[in-house]
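These exercises are to be worked with the sequence and the 3D structure open. Try each task before reading its solution.

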Amino acid sequence: MAFSCKNSSKFNGFSSCIKMVMVGTSAIMMQQRTLAMEASLCVKKSKKKGADSVTRPNSQISAAMAAVTPLLLLLLLSSAPSFSSGSRNAYNINGRVKIPQGLGLGTKGYALPGRMSNVKVLLNGGQNITFLRPDGYFSFHNIPAGTHLIEVSAIGYFFSPVRVDVSARNPGKVQAALTENRKGLSELVLEPLREEQYYEIREPFSIMSLLKSPMGLMVGFMLAVAFLMPKLVENMDPEEMRRAQEEMRSQGVPSLSSLLPGGARN
Amino acid sequence: MAIMSFIFVFFFFSSLQPILSLYEDQVGLMDWHQQYIGKVKQAVFHTHKTGRKRVVASTEQNIIATLDLRSGEIFWRHVLGPNDVVDGIDIALGKYVITLSSGGSILRAWNLPDGQMVWESSLHGPKHSKSLLLTTNLIIEKDNSLIVFSNGRLNAVSCIDGEVLWKKDFEEESLEVQQVIQPPGSDFIYVVGFAASSQFETYKINAKNGELLKHESTAFSDRFSGEVSLVSSETVAALDSTGSILLTISFHNGKISSQQIPVSNLLEDSPGLAVIIHSSVTGIFAIKTDAATIFIRVIGEGKLEVVEKTNHETVVSDALTISEGQQAFALVQHAGSNIHLTVKPAHDWDSNLLKESIKMDQQRGFVHKVFINNYIRTDRSHGFRALIVMEDHSLLLLQQGAIVWSREDGLASIIDVTTSELPVEKAGVSVAKVELNLFEWLKGHVLKLKGTLMLATPEDIAAIQYMRLKSSEKSKMTRDHNGFRKLLIALTRAGKLFALHTGDGRIVWSHLLQSLHKSESCRQPIGLNLHQWQVPHHHALDENPSVLVVGRCGPSSDALGVLSLVDSYTGKEFSSLRLVHSVAQVIPLPYTDSTEQRLHLLIDADKHAHLYPKTPEAIDIFQSEFANVYWYSVDDDNGIIKGYALKTKCSGNVADEFCFDSRELWSIVLPSESEKIITTATRKLNEAVHTQAKLIADQDVMYKYISSNLLFVATVAPKASGEIGSVTPEESWLVVYLIDTVTGRVLHRMTHHGSQGPVQAVLSENWVVYHYFNLRAHRYEMSVIEIYDQSRADNKDVWKLVVGNHNLTSPVSSYSRAEVITKSQSYFFTHSLKAIAVTLTVKGITSKQLLIGTIGDQVLALDKRFLDPRRSVNPTQAEREEGIIPLTDSLPIIPQSYITHSLRVEGLQSIITVAAKLESTTLVFAHGLDLFFTHYAPSRTYDSLTEDFSYALLLITIVALVAAIFVTWILSQRKELQDRWR
């Protein structure tokens, strides 16, 4: 009985898992078969995946007791309602937040040395808040069975909230799915969907970007008119030039009045 | 030359290009951010090692933080969950901060330099109990260990990885463990407590393995009153439940012996009920009575001696071991405007290690807590520094008779915020004095230009940044043209009023309110809200504006109210009133008297209305509008919404002409078995609506239903009012109502099946946006309801307008039966919400954006166009031109539109928007534990030049153009001359 309580209180990643295996094996020797199976199952999960094991600490206490004498089991079952339901329905959710190094923050100002320490994991809209260990693991303790929502708050990254179903019927089972894209997760490893860039990036000064802008085009056109037109005029045949000028004179200078609808009638 | 000038013109325009959001170098230009930690509950110093000296603090706002001991700056800080109350903190191994929280069930270790969590352990136990954390130097299985008592179980936990080394249950039902003691240098632990309140129990436990070595218990005739004070490692002092008999109990080697001495034997006068003050000084304990604090020394076997009796507020620190076997503690006493800090050795009351007198600002109130730390001076004597927590929650470090630094941590718990205008600039004061001379001004602008062209060297950039941030313009104490400079007046939970300058966030004045001060008649004063009492613009310009602070004496709604009037320029409390009635609601009326004092109606718990200010003039003004005053009340617990109007003068036995009886006009009773009110929202009173009509595609017009009496109510199934995931979608629903608060008419009702709260809602113009949780999709959703007035819809017929057969000029009244139509649409939204607000501009012309406080404590701006019920998957060409965005199932989150950019407003509570005088701009103030202020232009600053605008460029361009004109003129003249000569 003592060892199963011990199980419940540590989720410190791999180092403790090894210890847990040892405890688990001693348990097999001490206790009956059913209990040993459950204990080692829990241990294996947290060893192999380390992430998605949902364990039921207090149920193991009762399981241990049940294993000792069937009589006690009966007693327990009959007295179950009198047990505080909070402790009977308490589960732990363990998971991991992984920020790939590929998504390096590069030159951005918020890439602080201990940035993992600024990540928060929130359950059900801030009802429970937990933090990450150096290896990215987190755990929520004493969570009732049901459907929960886990959100990760990390400056610079966009995380999808995760729907987590904690099953009351088969403890140790967890179902997780990203709510943004409805992708199921086989283990509770949360990765950012994308990086978030909070600032506009100043475009470096370049001639092309100037020329491409509407202003640049206008200026370009005006320059072309100012410098190329005289050249064109120069190249024209003087005879033709004179003819054109006379033509223009005969038509008259386009005045404002001719542009107005009324003026056109004159 | 011409080319040059063109290029200049061109640069000039390119600098006008609108910016979508913020560039990184613009941080701090418009915005400021302040970080706080709240009222410190416990502090531990870390000064042993060379390097940076720190203090680790836990606060009442569930924060753990480490501060720089030199400057008071925050090194790191973590905000724990709302239910994760910190029970104890300590430093272990010189590198880990250990915190015990959540009623002793979570033990965490944080890395001291950077705040990274190292390990976390969950501790369970058989029952609830007091939680105690004890760091020891014990080495068990090669690990340094912590001893934690929580939930009726004693645990030894390894410091290295948080593993539980051994545990021992104390399952005895009535046992209340009071202390866990480890006598220095020993390897056993005493667990001391009471069983059945009258039995004293000690357990001696082997610290190596948790084995019970000895258990003793003694029954006493009296019952104990909770707290015990540790006098030595084997003696405790306790009081009986009547508070009149002192017990000293020693349990040396497990043998319990006790002495009982009536308190009255020690004191000449009868002290009344005494309580023990928690302290850990060897040989001395303190009791506090109504009148005095008494320090008592234990001499030998149960002999007591009163060493000092002080009559004023005295605070004692915990004992500090300064050298081998020597302990010291600090005492802080008030004397007028000074505080006296005394450090005494524990064994000798009469000698002082340190005695300092420090002048203290009266506005900080009394000292609430003191923590001391020592250092070795160069002459090998002991120096002491003291960290004190004041009544206004501020934190100060005292050293060598002076205040080294202070932190205004009261600002971490703001209750309400209002704004006030600054004084108008006086004619005599010249602006030019502040400005630089022309050359420097131009030089600055040339630098800026270089910056925009990305030609600046790093030194230049630094100079530009310095220049921008130091701009004297933004922190002046006068009103500006654009209305950016204002005072933010904030009421904090400690009952202190702060005025912050919007330019740089500095505290202009602060005032500890007399009315919210603890006193005989008002034991638990709490501030409720702030209102603008007097805003002079036309008539009373020589008067200063003032704010009204409303509070009450106690948490229940029928506690008596208190009012204060505070001058918003100076912070002087010029009037303070204790009311004879309670305050349930405060209604600022839209009427002012001749000195521009706003009339306020205070509704008490018995639904009487009291008019303020109590002047005959006010009553005259009020009489004429008597019939037009309506209000409503929402009773969340019973699900009743009621509307009221005024009836007659109060009929009570006291003739009070400022008191009015109310009559109930209508009530809406929601079925309590199926609906529970969780949120209500109304329009802001000062919101301006520019146009009543909305032009839609194909030249059609829709009339907005704009009523300031609109109330949004959201209810959920009572089962679903708990946390997310506690109900199935089938048994939860969310019902929203739009109610007219004058007539009680339900304008719209809508049910969202399979949804639940929490609901955050904002109501503005003719629309409401609310956020809730959809259990079926298991995602958050945001919905919009827009409400339109159908009765005016037929006015678009031109012929009717010509003939005059239209109702556009008919008065808008709540009593006219409006035919309304509503449009609604829902979208998914990724994050949980903490707060929601809408931008507010002075005339309401600028398009609106929603300001969303996300669960990550950031503020996101979201264009209202994304929440337009007319969005469709394939909008027509006409609709596209109108600006309708094609429908998507979820709302986009654009990282650039976080107005808090890469900052967090930790513990975000609310977002306040204030209109600037410039139509395009809203001032946004977000507060929680942190404060954040910025200017925000929802449609960009279309009506003014941006900060980036380079006047130098403009000037150079003009000069260049003029020069070019001259040059070309001369050239053309010369050419003409040559032509003539030819």
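**Exercise 1.** How many bridges join strand β55 (residues 755-764) of chain B to β56(B), and do the two run parallel or antiparallel?

Solution. Before the steps, some conventions apply. This is a predicted model, in which local features need pLDDT of at least 70 and side-chain atom pairs count only at pLDDT 80 or more, while totals for chains, interfaces and linings use all residues. Residues are numbered from 1 along each chain as its sequence is written, chains are lettered from A and ligands numbered from 1 in the order in which they are written, and side-chain values use heavy atoms, with hydrogens and water left out.

Step 1. Helices (H or I, at least four residues) and strands (E, at least two) are DSSP runs, numbered from the N terminus. Two strands pair if DSSP finds at least two bridges between them.

Step 2. β55(B) and β56(B) are joined by seven bridges and run antiparallel. One pair to locate is A761(B), whose bridge partner in β56(B) is Y770(B).

Step 3. Most residues other than glycine have a negative phi, and most peptide bonds are trans.

Step 4. E765(B) counts as buried, at 7% relative accessibility. Buried means under 20% relative accessible area, exposed over 50%, and partly exposed in between (1.4 Å probe, protein chains only).

Step 5. β55(B) also holds P758(B). The peptide bond that joins G757(B) and P758(B) is cis, with omega about 0°.

**Exercise 2.** Follow β56(B) to strand β57 (residues 779-789) of chain B, and describe the pairing.

Solution. Step 1. β56(B) and β57(B) pair in the antiparallel sense over eight bridges. V768(B) stands opposite I785(B) in β57(B).

Step 1. This hairpin has four residues between its strands, and H778(B) in the turn has a positive phi of about 55°.

Step 2. Now look at the cover of strand β56 (residues 767-774) of chain B: eight of its eight residues are buried.

**Exercise 3.** What is the strand order of the open sheet of four strands in chain B?

Solution. Step 1. The order is β6-β7-β8-β9 (chain B), with antiparallel pairing. The edge strands are β6 (86-92) and β9 (117-122) of chain B, since each pairs on one side only.

Step 1. Six bridges join β6(B) to strand β7 (residues 96-101) of chain B. G88(B) stands opposite L100(B) in β7(B).

Step 2. The loop between β6 and β7 of chain B contains L93(B). L93(B) is not a glycine, yet has a positive phi of about 60°. At a relative accessible area of 34%, L93(B) is partly exposed.

**Exercise 4.** Which residues are linked with D857(B) in a network of salt bridges?

Solution. Step 1. A salt bridge is a side-chain nitrogen of Lys or Arg within 4 Å of a carboxyl oxygen of Asp or Glu. A search of the whole structure finds 31 salt bridges over all chains.

Step 1. The network links K120(A), K834(B), D857(B), R904(B) and E906(B).

Step 2. Within it, the side chains of D857(B) and K120(A) meet at 3.4 Å, N to O. D857(B) lies in the loop between β60 (849-854) and β61 (859-863) of chain B and K120(A) in strand β2 (residues 120-123) of chain A, so the pair joins two chains.

Step 3. D857(B) is buried at 0% relative accessibility, and K120(A) is buried at 7%.

Step 4. The side chains of R904(B) and E906(B) form another salt bridge (3.9 Å, N to O). R904(B) and E906(B) are both buried.

**Exercise 5.** Where in chain B do D169(B) and R153(B) lie?

Solution. Step 1. D169(B) is in strand β13 (residues 164-169) and R153(B) in strand β12 (residues 153-158), 16 residues apart.

Step 1. D169(B) forms a salt bridge with R153(B), with the closest N and O atoms 2.5 Å apart.

Step 2. D169(B) is partly exposed, with a relative accessible area of 24%, whereas R153(B) counts as buried at 12%.
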